[in-house]
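Here is a short report on one protein model. Look at the structure first, then read on.

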Amino acid sequence: MKILFIRLIVSRQYVQLLACLGYLSTTLSFLSSDRMHFTPPAASTWHRATNWNNGECLIRTRHSTALRSHTDESIKSEDPSAPLYLDTTNPIPKRQTTSTQRRAPVPRSILASIRTVKQRYISNIDAAHSESVHKRIVQAGLQWARTQTQRQCSQTDAQEQRHLRFPNMERVPGCLATVHLQTTLIPTTDTGDATYTKCPENYRVSIDGSADAMLSGGLLAILDNIFSDDDVTAADVLQLEATVLTTAMGLQALLSPGRNDGMASMVTVVQRQIRSLLSIDQPAEPLTASTDGQTHNAKTMKNDAPRVAMLLSGGVDSSVALHLLLRQNYNVTAFYLRIWLEDELAHLGECPWEDDLKVCREVCDHAGNVPLHTLSLGTEYRERVVQYTIEEARRGRTPNPDIMCNSRVKFGCFLEYIEKTGKEFDYVASGHYARLEEDDIETTQKRLFRAPDTIKDQSYFLCTLTQQQLSKVLFPIGNYQKSQVRELAARFQLPNRHRPDSQGLCFLGKVRFDDFLSSYLGNNPGDVVDAMSGEVIGHHNGLWYHTVGQRKGIGKVMFPIATAKGPWYVVAKDQERNIVYVSNRYEEEDFAKARSEFEVEDVTWIAGVPPKQSRDGVAWKEVQLDMKIRHGPKIVQGFLLLKDDGYTGNIRLEKKDGGLAPGQYVVFYQRETDECLGAGVISERHWANFLNHYDELVVTSTT
C-alpha cells in the first residue's frame, strides 16, 4: 500500500511536469506570434497599409485596449467574429503583410543603392580614418551642387508637368548646420491613370537642397544619390527607418552624434514631403525642439526687464556671464553662433562646435530652461573674416581674424540680424574680459577699459568696436579675475564648470593655422636669405607660413649647415621677390631701429575722434601712450605722431619689440587709466624701409 501511494505521488508530479511544459510551450508560441507586436491606446484606428499596389487603401485595425496576456480570459474577451482588418475599398486577405507586422529597417533596393554609392564615393579609402572619409563626402557635395543646376536645365516642360514637387525648400530640424531640402517625385512610367498619383511604388525620388556646411552638403548629396537610384521607389523610402541609414552605410562610427541625427532628420523630412505630395496621412511625431534650436523657457519671463541676447559659446566664461545676468534680473535669451569651418577643414582635424552646442543646451537647461537659439553665420563669416584672413596672408602680412570676428560678426552681422528680424533686445552680452563705462550723462559715450585680469584681458580684440556697437554691449564678467569666474562656476554648479579654456583662433578649433593656410593657399616656394650676408641658406614653402620675429619652426626650411649657426629669426619678407629674410643677429644693434620704429595705417578711435592730446591747435603732435603689439599681458610704451588726415602715423617705441609684422594690430591705451583708445595696423612701409637699407646693411656686415 505504501509503495502504491509513492507511485501515485510520482505519477502526479510527472503529470504536473508535463502540464508545466505544455503551458510553457503555449506561452512561448504566443509570445512569438503576431499578437504581441504592439498595443496602441485606441480601441481601433484608421491607417494606411504599406501595400500600395492597387492604389489608396484605408484600413481599420482592431486592437484590445488592455495589454494582452496568455490567459484564456483575455483571448475570449475578443469577438472572434469581428474581422482583424476592415478594408472599405480593397479588402486584404487576413494574413497579408500590414503595417502592424515586422519589416526590414532598410529595404533591399536601398541596400543595393547604398553599395553603389559607397563604391562611387567612399571606396578605396581607409575607413578607419574619419578625416579621409569626411574629405571625400565634402567633395561629393561640391560635385552634387554643380550637377543640380545641370539636372534641372535638362528637364523638359512636359516632364516637369508630370513631376510632383514639394512647394518649397524646407529647413531640416535637428541639423546643427542650416540644411534645406525639397523632394520631387518622378513617375516611373508614362501612364496617365488617375490612380497612378496615389501609389508611392510608381514614383522615384529626387532631392534638391542646400547646406551652409560642406560636410552636411555632402551627406545631402549622398542621400539624393541613394534615393534617386532607378530601382528605389518612394514606397521604399517610406519604409526606411531613418535612424539606421548611417549604420547601413558604415558611417555611423565615422560621424559625430550630431551628424548621425542630422542624416536621420533629412530622411524624415523627405518621408514627410512624400506623404504630403501623395496625400498620405502623416505619422504622429514626438515633441521636439523648434527648428532653430530653441528650448522653451519654463520660467515666467519678466516683461518689464531689459532683454539681453547672450552670446553663449559653451565655455565657462560665457556660461558664468549668463548666470550673472539672470541674477541681475535681465530677461535673457541665449544664442549660439555657428561660425566654425569644420567642413572645409574636416580632413585636417576635429572641430568641437557640435560638443560646444551640446554644452550650451546643458547650461541653458541648468539655468532654468533659458531659451537657446542656434544661428548659422558661416556665410557671413567667410565673407567678412575668412576672406580677409586669406588675402592678408596671401600678401605676406599677419592677419588678426579674432579682431575682425568681434567687429564684423559677433557685434556686427549679429546685431544686423537682430534688427532685420525684428527681435527686440536692449543689449548683446558676451563673456569677454573687458570693462565698459559711460562717459557722462550728456554724451553717453561708452569707454572701453582693460580688465583687472591682465592675462585674460581681451580689450585688444575689441579695439575696433564703434560707439554704435558698444552702446548695445554688456560684458558681465569684465570686472572679474579668471580665478573668480572659476569660483562662480563652481558655486553655480554649472555643468561645464570643469571644462578647460579654448585655445587658438576662434574659428579653427584644433586645426593648425598653417594647415588652414595650406588648404586655401597651397605652397609657393622661395628662397630663405641671410639678411646680413645675402646668402641663400634655405627654401620656404610660402611667405604666409612665416611672420616677422618668428623663431620656432624656421629651422625646418633652412639648410642643416646654416641651422647649426642659429638661433635664427625672421626679420622681413619681400613680397615681390618671394624672399624670407632671416638673421642670427636679431638681438644686435643692426636691427634696433627696425624693431622700434614703424608706420601704422587704418587708425581708428573708439570715441570716433583722436584724443585731444594728439593735437596742438590744427597740427598733430606726438603723444605718449601705452601700447599692445599683440594679445597678452605685455604693455609697451611708445609715442604716436599722426599725420595727414589722421588715419596714418609714425610710432616710436621706447624699447625694441620682438617682431613688428605688417598687418599686425597695435592697440593704444591711456597710460593713467588703462582706457583703450583705438588701434592702428602696422604698414608694409615697415618692410620697405628695411629693404631700402638692406644693401647698406649687407655691405656693413661683410666689411
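## A nonpolar surface patch

Val-536, Phe-559 and Ile-561 make up a nonpolar patch on the surface. Together they have about 260 Å² of accessible area. Patch residues have over 30% relative accessible area and no salt bridge, and nonpolar side chains are joined within 5 Å. Areas come from the Shrake-Rupley method with a 1.4 Å probe. A salt bridge is a side-chain nitrogen of Lys or Arg within 4 Å of a carboxyl oxygen of Asp or Glu.

Val-536 is partly exposed, at 34% relative accessible area. Buried means under 20%, exposed over 50%, and partly exposed in between (1.4 Å probe, protein chains only).

## The model

This is a predicted model: local features need pLDDT of at least 70, side-chain atom pairs count only at pLDDT 80 or more, and totals for chains, interfaces and linings use all residues. Residues are numbered from 1 along each chain as its sequence is written, and side-chain values use heavy atoms, without hydrogens and water.

## The sheet

Val-536 lies in strand 16. Strands are DSSP runs (E, at least two residues), numbered from the N terminus. Four strands form an open sheet in the order 16-15-18-17, with mixed pairing. Strands 16 (536-540) and 17 (569-574) are at the edges with a single partner strand each, so one side of each lacks a neighbour in the sheet.

Pairing takes at least two. Gly-526 stands opposite His-540 in strand 16.

## A buried valine

Val-603 belongs to strand 19 (residues 597-605). Val-603 is buried, with a relative accessible area of 1%.

Key
Patches are made of residues with over 30% relative accessible area and no salt bridge: like charges are joined within 9 Å, nonpolar side chains (Val, Leu, Ile, Met, Phe, Trp, Tyr) within 5 Å.
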